[in-house]
Amino acid sequence: MSVHARLAILAFALGTALAAQPARSAEVRAFLKVDAPVVALVHARVVDGTGAPAREDQTLVLRDGRIEAMGATTTVAAPKGAQVLDLTGHTVLPGLVGMHNHLFYTHSIHSDEKGAAVAPGRLFAEIAHSAPRLYLACGVTTIRTTGSLEPYTDLNIKRQIDAGLLPGPKMDVTGPYLEGLEPMTPQMHGLRNPEEARRFVDFWADAGVTSFKAYMNIHRADLGAAIQAAHARGLKVTGHLGSVTWPEAMVLGIDNFEHGPIYTDAEFAPGKTPDICPPVAASWGAWLKADLEGAEVQKLIRDLVEKKVAITSTLPVFEMMVPGRPPLQPRVLAAMSAESRASYLAARAKVRVVPNSTPEQLLKKEMAFERAFVKAGGLLLAGPDPTGMGGVLPGFGDHRELELLVEAGFTPAEAIRIYTANGAAFLGRLDRIGTLAPGKQADLVVVKGDPTTRIEDIEQVVTVFKDGLGYDSAKLIESVRGHVGIR
């Protein structure tokens with residue numbers, strides 16, 4: 001083969017590779033601090049996401065958006081011409097896979113003088129500008145939106161991120177809520193019958209959503225029809241239920257439950273009526289009395305494991321009900337709009353300080369259930385759910401969830417695996433993301449310190465790599481100061 005022919009082939013291959021990468025807009029380039037075809041991260045501590053102990057003094061070579069090599073710095077050399085980053089004192093871990101991460105947020109709580117919600121009910125703000133930036137800044141490189149209130153917004157933001165027009169994580173867009181009549185917010189649609197549920201799933205699957213979430217007032221027949229329609233397209237359904245109990249939903253074939261049973265499984269609520277969501281206080285009270293070692297709860301755990309139904313831990317959204325928690329962080333308050341910050345602080349001040357309060361008991365019991373579920377072989381996922389009274393923000397809430405998993409009794413390495421490999425496995429992408437290994441996509445997080453010995457170091461994010469491009473965490477966070485709750 002002639003030299004000219006070889007050069008032509010090389011030029012064609014290079015052009016094909018470049019064409020496969022989306023052009024990056026000025027909006028994206030403004031936040032890039034590492035943009036090179038080959039990058040070598042040297043002298044790093046590596047937590048690979050499998051649950052294995054951290055490995056010291058490691059080198060990772062990133063080439064064209066993938067991990068090319070990884071191993072001890074003494075054996076893996078930085079390629080000639082690579083951009084070399086000395087990560088002494090830093091830890092590299094897989095990009096977080098957030099499995100309950102909305103693009104909407106409780107921007108403020110509107111209530112009357114007696115504390116009741118003002119008609120037409122609770123409303124949420126879409127924060128399509130600030131949420132993607134905060135997720136990415138905090139090392140969340142993949143999210144599942146787990147219920148959408150503005151599905152076209154979510155789908156368009158995903159498209160723009162994938163096209164290199166906006167900074168943000170990879171997105172699994174969940175469709176609008178599968179909800180019954182009289183939903184919690186007028187921003188949700190109420191399903192009227194099984195046929196409508198099937199049409200609803202088909203319509204939004206055609207529009208591009210890749211998962212669905214059932215909500216508190218859905219009827220069993222409608223849920224069953226929706227699950228069948230979703231499964232026919234190879235899509236999964238999760239649920240934050242109330243009218244339908246967890247055992248009933250498992251019979252219908254549900255794939256995942258949100259929040260954990262202490263907060264959302266109504267099976268033990270006194271006088272539970274089929275297809276009717278009981279008052280949450282009744283369900284919570286019943287679970288407080290339940291024995292986690294008892295036959296009923298142990299059967300629930302066995303059924304979940306045998307049917308391969310995952311649970312998504314969302315501890316931060318429930319921690320807010322506990323007096324004096326979570327710790328107030330300047331970075332969180334600074335990101336909020338003035339109204340959101342005032343609303344949150346006012347709501348937080350109304351939480352009465354009572355030793356061993358019911359919310360504290362519920363949180364501890366949920367933590368204990370999650371430990372028992374994982375010990376039995378269950379697949380635990382994680383996400384922050386940035387709703388509630390407004391104190392859980394995108395990205396920052398993901399860090400808090402990791403810290404609470406460790407408080408629950410998981411080791412830091414186990415908590416990181418829950419937040420990386422487990423999420424990737426549920427999404428069917430463990431061959432590409434979720435752990436660090438040669439050949440996988442270069443989605444990884446660089447943090448200062450060692451989160452395996454001090455999980456709070458997870459907050460010290462320096463650089464976030466998505467497909468080999470390194471984003472400046474601090475710059476992304478600063479770009480949305482005062483915006484959360486507005487846009």
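Colour the charged side chains: the mean positions of the 50 positive and 53 negative charges of the chain lie 3 Å apart, where Lys and Arg count as positive and Asp and Glu as negative, with His and the chain ends not counted, and each charge is placed at NZ of Lys, CZ of Arg, CG of Asp or CD of Glu. This is a predicted model, in which local features need pLDDT of at least 70 and side-chain atom pairs count only at pLDDT 80 or more, while totals for chains, interfaces and linings use all residues. Residues are numbered from 1 along each chain as its sequence is written, and side-chain values use heavy atoms, with hydrogens and water left out.

Next, select helix α9, residues 280-289 (helices are DSSP runs of H or I, at least four residues, numbered from the N terminus). Ser283, Trp284, Ala286 and Trp287 are buried here, buried meaning under 20% relative accessible area, exposed over 50% and partly exposed in between, with a 1.4 Å probe and protein chains only. Seen down the axis of α9, the buried residues fall within an arc of 160 degrees (taken from the directions from the helix axis to the C-beta atoms), so they line one face of the helix. The face turned away from that buried side carries the exposed Ala281 and Lys289.

Finally, go to Ala334 in helix α12, residues 330-335. Ala334 is partly exposed, with a relative accessible area of 24%, and touches Arg481 and Gly482, leaving aside residues up to four places away in sequence.

How values were computed
Helices (H or I, at least four residues) and strands (E, at least two) are DSSP runs, numbered from the N terminus. Contact means heavy atoms within 4.5 Å.
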